[in-house]
Amino acid sequence: DGYEILGGLEGTTKTYDEGTPVSFQVKVLHPERQTLTVKAGGTTLQGTLEEESQDTYTYTIDKLERDTAISISVKNRTFQVSLPGSEEGYTVTPGISPVEYGGSYTFYVTPKTGYQAPTVEVNGSPLASVGNNQYVITNITKDQTITIVPAEKEQFRLTFNQGEGYYFTTPEGTKIEGSQQVAYGENFQFKVVLNEDYTQSNPIVTVNNINISNQDGIYTISNIKADQVVNATGVQKNTYTVTMKSGNGYTLTALVSTRVTAGDPFSFTLSISNGYQKGENFAVKANGETLQADEYGQYTYTVKKDTLISVEGVEATTFKAVASGKNATVEATNGSDPNHIAYNGSYHFTVKPDDYYEVTQVAVNGEVKEAVNGVYTVNNVTSDLTITVVTSPLSVTVQLVDEKFDNSKTQTYTIADMPEG
């Protein structure tokens, strides 16, 4: 079965002289899947494939020296399967080789923990797993070469949930955008950076809802074997203190709390005390920055750090005393200065009439004043003073005589009436 002896020799017995060479031909009926084994007296003969033939072989016994039985058998071809061994990322379980023509070869390629399934190829073509890491080559008709391309380690996703007032970076300072891919068993390090207005916060960092601590500001997720979700809580805006510096001549009044959240406005008013005024260099400042009041007299400043409100150039109000009138001299006394009279202060002065005149009235801002021991006093000064002095000439009695000193008489004059000489 499976072959044919040509020349009608099958099942016959022929006689040859001793030493005679004997040749015969055998045709394989299915050469693509079967092979012949021809033996002469138990010795395997090597056949020669006839030219231009794919199925006929010639066998020769060079020298027939005894009675010889020729036996012929046919069996299916077998093929070798070349399979590499296990590597770092996978384990190989081989099947049974060689494999008969048309048969199948089953083997296993199992990825190790933390590795993705490798790529399996047979004779350069991809071979997919049939499940459970099992691979099957079917209908084998030639030798098979299996190659395995190792896969990378399994990748896991690290999701960083961003929030108000902070962001995540690598230890080197590169901002982490979105999610990150990390290989099985690897570590990942990161930092939490607080925005300018949130630097007072002490964030609580969790990975998959488990708190983790930092070392010198660096957080480490070790030996990653699953997807990770990173969150930061407890981040809130800074609060700052506003200090309003007190001073002479003014009052600062806060319109809101002096504990202010970063970026919020702080409003206040300024009132000038009686007896004081805004000087030439008047300024209201917040941390050295000059502020301007709005139409309602309120000052507003956006707070971004502890803030000092200060006022400059508030001066004590002073008044002047100006004298008017003729024939008298007004002079300050008792330490008074006509050019610097303090608010609610006192001003003391004297009035000296010119020769031949007398003071008949002294008034300050229209109010008649009387001297005490020759000194006039104005108390509780709240405006400039205008001192008005009224004088009148004194009368002078003159005795007139002629050259002989007789016929004398007296005459009364004022200074205005006095004759010259």
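Student: Before we start, how are residues numbered, and what pLDDT do local features need?

Tutor: Residues count from 1 along each chain as its sequence is written, and side-chain values use heavy atoms, with hydrogens and water left out. This is a predicted model, where totals for chains, interfaces and linings use all residues, side-chain atom pairs count only at pLDDT 80 or more, and local features need pLDDT of at least 70.

Student: How many helices and strands are there in the protein?

Tutor: Both kinds of element are DSSP runs numbered from the N terminus: helices are H or I with at least four residues, strands are E with at least two. On that basis, the protein has zero helices and 44 strands.

Student: What radius of gyration does the protein have?

Tutor: Start with the C-alpha trace, which spans about 225 × 45 × 30 Å along its principal axes. The radius of gyration is taken over C-alpha atoms, and the globule rule is 2.2 Å times the number of residues to the power 0.38. For a compact globule of 421 residues that would be near 22 Å, but the protein has 63 Å.

Student: What share of the residues is buried?

Tutor: Buried means under 20% relative accessible area, exposed means over 50%, and partly exposed is in between (1.4 Å probe, protein chains only). Of the 421 residues in the protein, the buried ones make up 28%.

Student: What volume does the largest pocket have?

Tutor: Picture a 1 Å grid over the protein atoms alone: a pocket is an open set of points with protein on both sides within 12 Å along at least five of seven lines, and lining residues have an atom within 4 Å of a point. Grid points are joined across faces, edges and corners, and a volume is the space filled by probe spheres set on the points. For the largest pocket that gives about 560 Å³.

Student: Which residues are closest to its centre?

Tutor: Strand S1 (3–5), strand S2 (22–28) and strand S7 (70–76) each supply at least two residues of this lining. The lining divides into eleven nonpolar (Ala, Val, Leu, Ile, Met, Phe, Trp, Tyr, Cys and Pro), three charged (Asp, Glu, Lys and Arg) and seven polar (the others, Gly among them). Of the 21 lining residues, the closest to the centre of the largest pocket are Thr-12, Thr-13, Lys-14, Thr-68 and Ile-70.

Student: And what is the volume of the second largest pocket?

Tutor: Its lining includes Ala-40, Leu-45, Lys-63 and Thr-68. That lining divides into four nonpolar, three polar and three charged residues. The volume of the second largest pocket is about 180 Å³.

Student: How many salt bridges are there?

Tutor: Side chains of opposite charge can pair when their charged atoms come close. A salt bridge here is a side-chain nitrogen of Lys or Arg within 4 Å of a carboxyl oxygen of Asp or Glu. By this rule the count is four.

Student: How about Glu-312: which side chain does it meet in a salt bridge?

Tutor: Glu-312 is partly exposed, with a relative accessible area of 34%. The N to O distance is 3.5 Å, and the partner is Lys-285. Glu-312 lies in strand S33 (residues 307–316) and its partner in strand S30 (residues 276–286), so parts 27 residues apart in sequence are tied together by Glu-312 and Lys-285.

Student: Is Lys-369 buried or exposed?

Tutor: The side chain of Lys-369 meets that of Glu-367 in a salt bridge (3.7 Å, N to O). Glu-367 is partly exposed at 48%. With a relative accessible area of 17%, Lys-369 counts as buried.

Student: Last one: in S16, what is the bridge partner of Glu-121?

Tutor: An open sheet of four strands runs in the order S9-S16-S13-S14, with mixed pairing; two strands pair if DSSP finds at least two bridges between them. Strand S13 (residues 119–122) pairs with S16 in the antiparallel sense over four bridges. In S16, the partner of Glu-121 is Thr-147.

How values were computed. 1 Å grid on protein atoms, 1.4 Å probe; cavity = no way out; pocket = protein on both sides within 12 Å on 5 of 7 lines; lining within 4 Å.
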